[in-house]
Amino acid sequence: MEKTLAIIKPDGVKKNIIGEIISRFEKNGLMVSAIKKITLSKEEAKDFYIVHEERPFYESLSDFMSEGPIVVVVLEGENAITKTRKIIGATNPADADPSTIRRDFAESIERNIVHGSDSPESAAFEISYFFSEMEIRH
């Protein structure tokens with residue numbers, strides 16, 4: 001079974017839709033292997049999004065991700081990465097398919113409710129950034 005990371009971003013937590021988002025993952029055959037609510041410092045957000053360091057949105061994304069609590073979730077299931085990203089929808093909510101999380105709840109391309117790992121390599125890095133092996137063992 002494949003594992004991936006999803007993050008309910010500060011805007012999703014603030015809108016009180018944590019349960020709705022997790023429910024959508026579970027209804028599509030994904031299992032929650034680990035979950036916790038945390039608040040990132042600006043430096044922790046920058047470290048997490050280091051792959052975007054050269055992008056123009058790096059600073060504003062780091063500010064946004066550290067402005068309030070987030071919920072980090074390890075999801076597990078067959079084709080978990082692809083399935084999670086399909087449920088989430090396109091980065092720009094205007095381009096997201098109907099009934100995706102971003103289409104239904106996101107305000108903008110940057111305040112887009114949720115993050116999902118985009119590859120096995122990023123999933124491995126992202127999961128280990130937030131969780132120890134002990135926290136995700138069955």
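**View 1. Packing of the buried residues of helix α4.** The buried residues of α4 pack against β1 (2–8), α1 (10–14), α3 (42–48) and β3 (70–77), where contact means heavy atoms within 4.5 Å. The model is a predicted one, in which local features need pLDDT of at least 70 and side-chain atom pairs count only at pLDDT 80 or more, while totals for chains, interfaces and linings use all residues. Residues are numbered from 1 along each chain as its sequence is written, and side-chain values use heavy atoms, with hydrogens and water left out. Within helix α4 (residues 58–65), the buried residues are Tyr58, Leu61, Ser62, Phe64 and Met65; buried stands for under 20% relative accessible area, exposed for over 50%, and partly exposed for values in between (1.4 Å probe, protein chains only). They lie on the same side of α4 because they cover an arc of only 160 degrees around the axis, the arc being that of the directions from the helix axis to the C-beta atoms. An α-helix has 3.6 residues a turn, so residues three or four places apart point the same way. Helices (H or I, at least four residues) and strands (E, at least two) are DSSP runs, numbered from the N terminus.

**View 2. The open four-stranded sheet.** Four strands in the order β2-β3-β1-β4 form an open sheet with antiparallel pairing, two strands being paired if DSSP finds at least two bridges between them. At the edges stand β2 (31–38) and β4 (114–116), each of which pairs on one side only. Neighbouring strands of this sheet are turned by 20 degrees against each other on average, direction ignored; axes are lines fitted to C-alpha atoms, for helices over the stretch in contact, and angles run from 0 to 180 degrees between N-to-C directions. The antiparallel strands β1 and β3 are joined by seven bridges, and Leu5 stands opposite Val74 in β3.

**View 3. Helices α2 and α7 on the sheet.** Helix α2 (residues 18–27) lies across β1, β2, β3 and β4, and runs at about 160 degrees to β1. Helix α7 (residues 120–130) also packs on the sheet, where α7 touches β1, β2, β3 and β4 and its direction makes about 60 degrees with that of β1.

**View 4. The salt bridge between Arg24 and Asp104.** A salt bridge, taken as a side-chain nitrogen of Lys or Arg within 4 Å of a carboxyl oxygen of Asp or Glu, is found nine times by this rule. In one of them, Arg24 is joined to Asp104, with the closest N and O atoms 2.8 Å apart. Arg24 belongs to helix α2 and Asp104 to helix α6 (residues 101–105), so the pair ties together parts that are 80 residues apart in sequence. Arg24 is buried, at a relative accessible area of 15%, whereas Asp104 is partly exposed, at 38%.

**View 5. The salt-bridge network that includes Lys42 and Asp63.** Salt bridges link Lys42, Lys46, Glu59 and Asp63 in a network. Between Lys42 and Asp63, the closest N and O atoms are 2.7 Å apart; Lys42 lies in helix α3 and Asp63 in helix α4, so this pair ties together parts that are 21 residues apart in sequence. Lys42 is partly exposed, with a relative accessible area of 28%, and Asp63 is partly exposed, with 39%.
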